[in-house]
Amino acid sequence: MKSKQLIRKSGSRLRALVAAFVIAGVTIVQAVPVSAAQLTSRSVTVSSSAPSETGVTYTFNFDTADTTPVQSVNIDFCTTASGTCTPAGTGVPSGLTTTGAAISGTPSGLGTGGSWTGVFTTNGRLRISNASSAGTAGTASVAFSGITNPSTANSTYYMRVTTYSDAAYTTPIDTGTVAASTANQITVSASVDETLTFCTGTSGITTSSCSGATGTSVNLGTLTPSTTGSGTSQMGAATNAGSGYAITVDGTTLTSGANTLTAVDPAAASAQGTEQFGMNLMANTTPAVGTAPGGAGSAAPAAGYNTADSFKFTPGDTVASSTGADDFRRFTVSYIANVGNATEPGNYSTTLTYVCTATF
Amino acid sequence: MLFRKRQAVVIAAIFLVVLFGGSVSALRSNSYQIEEDFIGGGGAIDAASNSYRSQDSIGATAVGPSASAHNGTQSGATTTDDPMLEFSVNSSGVALGQLSTSLTRTGTATFSVRNYTSYGYVVQVVGAPPANNGHELAAMTSTASSSAGTEQFGINLMANTNPQTFGAVPVQVPSGDFSYGQAESGYNTANQYRYNSGEIIARAPKSSGQTDYTISYIANISNQTPSGAYTGKQTIICTGTY
């Protein structure tokens with residue numbers, strides 16, 4: 001009997017002690033600071049590390065430790081990874097501006113449903129919330145645009161990320177800090193001098209070089225009303241002028257004393273028995289004279305001089321041009337001359353001057 | 001007497017639960033984690049088995065990682081679970097001079113990264129090639145060698161001998177035992193150059209001490225490269241994963 005009483009007494013004491021410790025234990029556990037779990041695989045990628053760069057996008061990626069749906073996220077920019085950091089106060093990197101930020105794209109991996117809205121009124125603090133976020137959180141990505149980087153070059157700064165299970169930023173789930181750094185931009189500079197290559201000759205100019213250019217005279221032979229005199233000269237040109245180049249021809253038509261052969265204008269086909277002096281820069285069949293332009297460049301004969309078997313000569317005309325910087329291009333100038341029955345006899349000649357003008 | 005012993009056992013168990021139940025954030029599981037470990041002194045320099053390895057650096061300025069196939073740890077005089085990143089671009093300008101169709105121009109710039117307590121980092125280069133009046137020097141979108149007379153703009157992170165001796169391989173500071181930064185594929189072959197804005201040019205596969213990188217620049221022009229003054233800004237971005 002005594003033994004049973006002892007047992008009862010002991011049992012009631014035990015229950016009382018257990019109850020007391022459970023109560024005390026609850027109190028102690030509650031007194032322990034809330035310790036959110038760590039966000040893992042976390043990083044922040046910035047679109048630019050240049051100091052004071054505006055319009056920078058920050059993309060935060062992390063894995064939540066807990067699958068609880070996230071309804072709000074707070075990100076504080078700080079000069080240290082831990083310790084005091086007060087948004088809009090001490091601890092915010094100098095020059096940083098987040099008040100112009102906006103959510104870039106759609107946050108993912110925080111939960112499903114609803115839509116996210118941002119609050120960026122406090123400099124150094126990015127906040128987004130979505131009271132309808134449900135489902136599960138996992139691998140998350142949140143991006144913000146419109147941020148101005150800190151102003152100090154080669155300076156590390158930190159972003160402390162906290163996720164919350166409510167939309168009021170009161171019940172934290174996970175936390176994690178990431179680091180980024182500004183960095184000097186590297187300005188690479190160089191110069192390219194202006195160049196213009198231009199040559200004329202009667203032979204030796206290839207489709208890539210002026211080096212073999214030679215000759216200054218073109219003999220069209222003896223002209224009769226039933227034969228067409230023809231001959232060729234060459235030109236080569238290249239330039240790095242951004243607006244390209246133009247080649248003009250200057251001089252007179254074939255002349256013998258006071259007598260001249262009629263310059264073809266407008267362009268026309270060769271006509272035996274009709275007094276004509278003309279040229280083009282094409283490969284012709286009537287008469288068979290000339291070669292099409294060649295070379296790596298893309299410059300082309302000008303209108304009036306760019307049709308096979310059609311010839312023209314107007315002093316001062318542009319005969320070829322490029323619209324931009326152009327690699328080497330060879331042109332073959334085809335000359336034709338015809339005489340009529342009344343054409344005065346004599347030795348006809350002219351000196352033609354070609355001018356290449358580049359516009360840089 | 002027997003019940004008093006039982007009482008003591010129950011009380012002790014409750015104390016243990018109360019005392020340790022609410023403070024397991026530093027040592028926890030889903031399959032074990034120790035966020036920070038500090039040993040005051042006397043640690044073994046190197047202790048290893050087939051599956052476990054420990055290496056301690058007491059009094060050193062750097063943090064030394066060690067790892068087996070399944071486990072890793074970092075030790076040093078000062079360790080912290082805070083993310084750590086030191087990133088410095090030490091050059092603000094690279095003047096390549098007067099470009100020529102017959103001669104490749106070169107230049108270098110340097111940057112350094114130290115990024116421990118992380119799972120490594122990547123370094124990207126962002127920015128357009130040097131440009132003049134809307135014309136950009138042709139970026140070498142595929143890895144290739146320098147070719148005078150062909151318009152090219154490219155970089156690598158190596159010590160080169162062609163078109164001339166210039167550049168340097170990444171330098172591990174204080175040594176390769178602590179630092180692991182490497183040039184990325186495409187930028188890690190001497191005399192081969194490449195440039196694609198946004199590409200990763202260097203990375204450390206794990207927490208790393210300081211690595212000093214040298215960017216080697218080349219530029220070539222063709223007959224058609226428009227004349228003028230060319231400039232381009234390259235931004236180097238380092239992203240650590242923690």
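The exercises below work through a predicted model with chains A and B.

Residues are numbered from 1 along each chain as its sequence is written, while chains are lettered from A and ligands numbered from 1 in the order in which they are written. In this predicted model, local features need pLDDT of at least 70, side-chain atom pairs count only at pLDDT 80 or more, and totals for chains, interfaces and linings use all residues.

**Exercise 1. Confidence**

Task: state the mean pLDDT of each chain and find stretches where pLDDT is under 50.

Solution. 
- Start with the scale: pLDDT is the predictor's confidence in each residue, from 0 to 100.
- Chain A has a mean pLDDT of 91, with 90% of its residues at 70 or more.
- In chain A, pLDDT is below 50 over residues 1–11, a stretch with 1 contact in the model beyond near neighbours in sequence. Residues 17–34 of chain A are also below 50, with 17 such contacts. (Contact: C-beta atoms, placed from the backbone, within 7 Å.)
- Chain B averages 79, and 67% of its residues score at least 70.
- In chain B, pLDDT stays under 50 over residues 13–29, which have 17 contacts beyond four places in sequence. Residues 32–62 of chain B stay under 50 as well, with 47 contacts of that kind.
- Where pLDDT is low, the predicted coordinates should not be read in detail.
- For the complex, the predictor gives an ipTM of 0.73 and a pTM of 0.74.

**Exercise 2. Layout of the chains**

Task: describe the domains of chain A and the secondary structure of chain B.

Solution. 
- Chain A is assigned domain 1 (37–181) and domain 2 (192–360). The bounds come from an automatic or database domain assignment.
- The C-alpha centres of these two domains of chain A lie 70 Å apart.
- Chain B holds 1 helix and 20 strands. (Helices are DSSP runs of H or I, at least four residues; strands are runs of E, at least two; both are numbered from the N terminus.)
- Of the 242 residues in chain B, 37% are buried. (Buried: 20 or more other C-beta atoms within 10 Å of the residue's own; exposed: 12 or fewer; partly exposed: in between; C-beta atoms are placed from the backbone.)
- Take contacts in chain B between residues at least 6 apart in sequence: 70% join residues at least 24 apart.

**Exercise 3. Strands in chain A**

Solution. 
- (Two strands pair if DSSP finds at least two bridges between them.)
- Inside, E14 (245–250) and E19 (318–321) of chain A share 3 bridges. Here A:Ile247 stands opposite A:Ala320.
- E13 of chain A (229–239) runs antiparallel to E20(A), joined by 10 bridges. A:Gln234 has A:Thr332 as bridge partner.
- E17 of chain A (276–280) is also antiparallel to E20(A), with 5 bridges. A:Gly278 is partnered with A:Ile336.

**Exercise 4. A covered strand in chain B**

Task: is E13 of chain B enclosed or open, and why?

Solution. 
- In E13(B) (152–156), 5 of the 5 residues are buried, so this strand is largely enclosed by the rest of the structure.
- One side carries B:Gln152, B:Gly154 and B:Asn156; the other carries B:Phe153 and B:Ile155.
- E13(B) joins E19(B) through 5 antiparallel bridges. B:Asn156 is partnered with B:Ser216.

**Exercise 5. Where the chains meet**

Task: count the residues in the contact between the chains and name the leading element of chain B.

Solution. 
- Chain B gives 57 residues and chain A gives 50.
- E20(B) supplies the largest share of chain B's side, 13 residues.
- That side divides into 28 nonpolar, 25 polar and 4 charged residues. (Nonpolar: Ala, Val, Leu, Ile, Met, Phe, Trp, Tyr, Cys and Pro; charged: Asp, Glu, Lys and Arg; polar: the others, Gly among them.)
- E11 of chain A (186–192) pairs with E20(B) in the antiparallel sense over 7 bridges. A:Ser189 has B:Thr231 as bridge partner.

Definitions and conventions:
Contact = placed C-beta atoms within 7 Å.
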